[in-house]
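Please read it with the structure open.

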Amino acid sequence: MAMTHDVQQWQCIKHCGACCRLAPDERPEALAALNDSQQQTYLAMVGDDGWCIHYDSGGQRCRIYNERPEFCRVSELGALFGVPAENLDDFAISCCQQQIRSTYGGRSPVLRRFNRAQQPVNCAN
């Protein structure tokens, strides 16, 4: 008989934008994972305030979402950081939690909303 267990499935939340906080001094691991061309693009996207120049702070959304670079896509995190596909959800959740904590604080409503949005999925062993 197969055993089952719950794993969390990563889910983005609206009105967060923590991933759009690109300040290189706050995200050295992100910059280090990129190739030279991606690093140039990344650095060109950083505004004077450390936020992405394409981030709409009023609407808390990306203005180029459909055309955003690969390194802005959670689906590409595995390739950038060498994370196997079966571990991608856990890795993405951890990355988002870390970035949300860093941007908004560990007791922020954004972090609480993000944690509630991560849905458990029943998997068979």
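1. Basis. This is a predicted model, in which local features need pLDDT of at least 70, side-chain atom pairs count only at pLDDT 80 or more, and totals for chains, interfaces and linings use all residues. Residues are numbered from 1 along each chain as its sequence is written, and side-chain values use heavy atoms, with hydrogens and water left out.

2. Helix 4. Helices (H or I, at least four residues) and strands (E, at least two) are DSSP runs, numbered from the N terminus. Helix 4 covers residues 88-104, 17 residues in total. The expected span is 1.5 Å times one less than the number of residues. Buried residues (under 20% relative accessible area, 1.4 Å probe, protein chains only) in helix 4 are Leu-88, Ala-92, Ile-93, Gln-97, Gln-99 and Ile-100. Gly-105 follows helix 4 with a positive phi, near 105 degrees.

3. Cores. A nonpolar core is a set of buried Ala, Val, Leu, Ile, Met, Phe, Trp, Tyr and Cys residues joined through side-chain atoms within 4.5 Å. The largest one has 13 residues, with the most contacts inside it made by Leu-22, Leu-34, Tyr-42, Cys-52 and Phe-71. Helix 1 (28-32) and helix 2 (36-45) each give two or more residues to this core. Apart from it lies another core of nine residues, including Val-110, Leu-111, Phe-114 and Ala-117.

4. Pocket. A pocket is an open set of points on a 1 Å grid over the protein atoms alone, where a 1.4 Å probe fits, with protein on both sides within 12 Å along at least five of seven lines; lining residues have an atom within 4 Å of a point. Of the 44 residues lining the largest pocket, Cys-19, Cys-20, Cys-72, Val-74 and Cys-96 are the closest to its centre. Helix 4 supplies the largest share of the lining, seven residues.

5. Gln-118. This residue sits in the loop between helix 5 (109-117) and strand 4 (119-124). Gln-118 has 4% relative accessibility, so it counts as buried. Its side chain reaches the backbone oxygen of Phe-114 at 2.8 Å.

Note on methods: Buried < 20%, exposed > 50% of the residue type's maximum accessible area, 1.4 Å probe, protein only. Polar contact = N/O pair within 3.5 Å; in protein donor to acceptor, adjacent residues only side chain to side chain.
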